[in-house]
Amino acid sequence: MGVEGIGARVTRKEDKRFLTGKGRYTDDMVVPGMKFAFFIRSPHAHAKIRSIDAASAKAMPGVIGVLDGKQLLADGIGNLICGWMIHSKDGSPMKMGAWRPLAVDVVRYVGDAVAVVVADSLAEARDAAEAVVVDYEELPVVVEAVDALKSGAPQIHPEAAGNLIFDWQLGDPAATDKAIADAAHVTEIELHNNRLSPNPMEPRAALGIYDSAEDHYTCYTTSQNPHVARLVMSAFYNVAPENKLRVIAPDVGGGFGSKIYIYPEEIVCLWASKKTGVPVKWNSDRTEAFLTDAHGRDHVSKVKMAFDKDHRIIGLKVDTIANLGAYMSLFSSAVPTYLYATLLSGQYDIPAIHANVRTVYTNTAPVDAYRGAGRPEATYLLERTMETAARELGISPAELRRKNFIRSFPHQTPVIMNYDAGDYEASLNAAMQASDWNGFAARKTEAAGRGKKRGIGMSCYIEACGIAPSQAVGSLGAGVGLWESAEVRVNAVGTIEVLTGSHSHGQGHETTFAQLVADRLGVPIDSVSIVHGDTDKVQMGMGTYGSRSGAVGMSAIVKALDKVEAKAKKIAAHLMEADESDIVIENGEVKVAGTDKMLPWFQVALAAYTAHNLPGGMEPGLKETAFYDPSNFTFPAGCYICEVEVDPETGKTDIIQFVAADDFGNIINPMIVEGQVHGGIAQGIGQALLEGVHYDENGQLLTASFMDYAMPRADDLPSFQVSHQVTPSPSNPLGIKGCGEAGAIGSPPALINAITDAIGNNMLTMPATPQKVWMAARAVH
């Protein structure tokens, strides 16, 4: 391990521009003749559009045009789609309702776009939007998933009778029912996983540019996967042919899943640019983000966990209703199915599992992947149930988990997944030692003397990262492959450019990817540049989500480096008249092992491009590409322990300590990994204590600003104790597993388990606000 290579705590290269205000985000892009878009959005959660009168708005100063859904439909722009097909257990396909980029006949949630104003300035566009008169006929509304399935509930899409999108199952229902019937003990619990707003630091934005001379489109956008955006907008939405559409995702200020998808605004800005003859920019304000960014979570589940007389789990039965909002977003169907139910075995050897999932439409914003995407929902369900079972059985929650751990690998679960490697007991032991688990009783007694209720809770999570392989996910309904691409270009002077289909929006790829190359070729990290986010520069790639950039994106780079290294060794062997097998590359030099013969790296690169003395039949240049399709998921896992004090007079919860022991396999940059874990835990604590999207009975969003939607602040969080245990993944060449979502997956159940332990009442829903905690604590007495 070098000071800049794999395993080094290298400071992030990209932070220089971010910390000095030199970042280049979509809203920083300015092109000649650029105008501004403002969207007219429905104030009603459900209504028919009777008419749109834009005459007055069109006459206002600075207005270039006012465009509506009928014009967009007439120009052949298609519906937004869900890209993962799910079939109900009766074999019928999911019921995908029509989602128009601009609504034509019916609006289905507050914020549904009906028209757009394009004007010289944003202020003029906003003023003109106020003059557009939309006549609505209000319709009945339903916002809760359970209510949407009730007889007589308002019908949201004609395609989905009773608002049911699909009724899907996974596992063996007969074996699971038998296990429950034969059990010595069955724990039953109903759990709610609260709806969240993603709130990345940078709101969404789009700049659409149509060049009439070239009949070519360019879209700057806040995307986590620009190539997929180009593919979908060309192949399904009919915005432009793929060869005439360039998508650029420059610096992106966070995503957390919410920027995976293609939203109406990107489509409309490109179409509006051609329609009006000017470049069109839109930038979301924060209220628009709360209204229209894809939300996360929102599950209601009933669980039965069966144990034998020795406290071993023999069966798990789960029934979940998942709220997908008013429309099916791009990957929404996969989140409560193959990203959720497949992880219900957790770290435990459970012989029989059955999950039934019903997804429904409601008059709320669409719901899709949010940091963790299905894995946090599965972990919360499983770990809350395990903690509850331990209390019912009167045994230590640590020992109940230890008794049921999977101990031999590979391990085939009853719900598709085949775990390749892990040591769950190592993480449990590390977390218990770091938290002084055995000393908790004394701390609880001391807190009681101060009038405080002290509690401790744990969570043992597992997640699946680097969703793969493409053939497998295709057989499960995915509309795209989930491989990744890379190109490594060695320039004539020895500097290196890596073009990756992964996309960085805060993960530190410009540093970690460069560390990989520096480690492999022995060159300074500053001589390596990472290029991403531009479909005209980078070959087709699948983007960044699901903690895939390391396991999949970096593995593609490794494959390309293999080819570069092999060619460089051939050239060096030829130049130094040595056997190719004796050539080694280290410290910026290409050497003949066991001799003093060597060439500087740049000299080998130069020789590749001058081509004066290459081996016979070799092409000039030193540039290689690769595509990598994983053989399996990777499976990060860990144990989190949280200790809290609750003030019984106010219900306020203080987190005294939070310990995270994670197994991410091999680690490229420990500092960046720790930052990812810290951020994930902060988001998980936010969900457990503070955050929650709330609609009233009329579908009006009550949490449409930071005045009403509580985000975690620095004084809500303790200093985290983070450690790493390593079992390398055998499923990729680097042995890495992925770390970006773990904190958000493992932390909510650990915190809720701690609070319920403190107050002695297991019936507590997220977010555990002081009011809820106070009421739950008093309900015990």
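**Exercise 1.** Which residues in α10 meet which residues in α19?

*Solution.* The model is predicted.
Step 1. On the side of α10, the residues in contact are R375, P376, T379, Y380, E383, R384, E387 and R391.
Step 2. Their counterparts in α19 are A744, I745, P748, P749, I752, N753, T756 and D757.
Step 3. Sorted by class, the residues of this contact comprise 7 nonpolar, 3 polar and 6 charged.

**Exercise 2.** Carry out the analysis for α18 and α19, and state the class composition of their contact.

*Solution.* Step 1. Helix α18 covers residues 670–690. The axes of α18 and α19 are 7 Å apart, and the packing angle is about 45°.
Step 1. With that angle, α18 and α19 are therefore oblique to each other.
Step 2. The crossing of α18 and α19 is right-handed.
Step 3. From α18, the contact draws on V677, G680, I681, G684, I685, Q687, A688 and L689; from α19, it draws on G743, A744, S747, P748, L751, I752 and I755.
Step 4. The contact of α18 with α19 contains 10 nonpolar, 5 polar and no charged residues.

**Exercise 3.** How many residues line the second largest pocket, and which lie nearest its centre?

*Solution.* Step 1. The second largest pocket holds about 400 Å³ of space.
Step 1. Its lining consists of 21 residues, and E144, N194, R195, D298 and V693 lie nearest the centre.
Step 2. The elements that contribute two or more residues to this lining are α5 (145–148), β8 (185–193) and β13 (299–307).
Step 3. By class, the lining of the second largest pocket divides into 8 nonpolar, 9 polar and 4 charged residues.

**Exercise 4.** Locate P469, P767 and N199 in the chain, and describe the backbone geometry at each.

*Solution.* Step 1. The peptide bond from A468 to P469 is cis, and its omega is near -15°. P469 belongs to the loop between β18 (453–462) and α14 (470–475).
Step 1. M766 and P767 are joined by a cis peptide bond with omega about -5°. The loop between α19 and α20 (770–779) contains P767.
Step 2. N199, a residue other than glycine, has a positive phi near 50°. N199 is placed in the loop between β8 and β9 (205–211).

Note on methods. Residues numbered from 1 in each chain as written. Predicted model: local features only at pLDDT ≥ 70, side-chain atom pairs only at ≥ 80, totals over all residues. Heavy atoms only, no water. Contact = heavy atoms within 4.5 Å. Helix = DSSP H or I, 4+ residues; strand = E, 2+ residues; numbered from the N terminus. Nonpolar A, V, L, I, M, F, W, Y, C, P; charged D, E, K, R; others polar. 1 Å grid on protein atoms, 1.4 Å probe; cavity = no way out; pocket = protein on both sides within 12 Å on 5 of 7 lines; lining within 4 Å. Points joined across faces, edges and corners; volume = space filled by probe spheres on them. Axes fitted to C-alpha atoms, helices over the stretch in contact; angles between N-to-C directions. Parallel < 35°, antiparallel > 145°, perpendicular 65-115°, else oblique. Left-handed = near helix turned anticlockwise from the far one by under 90°.
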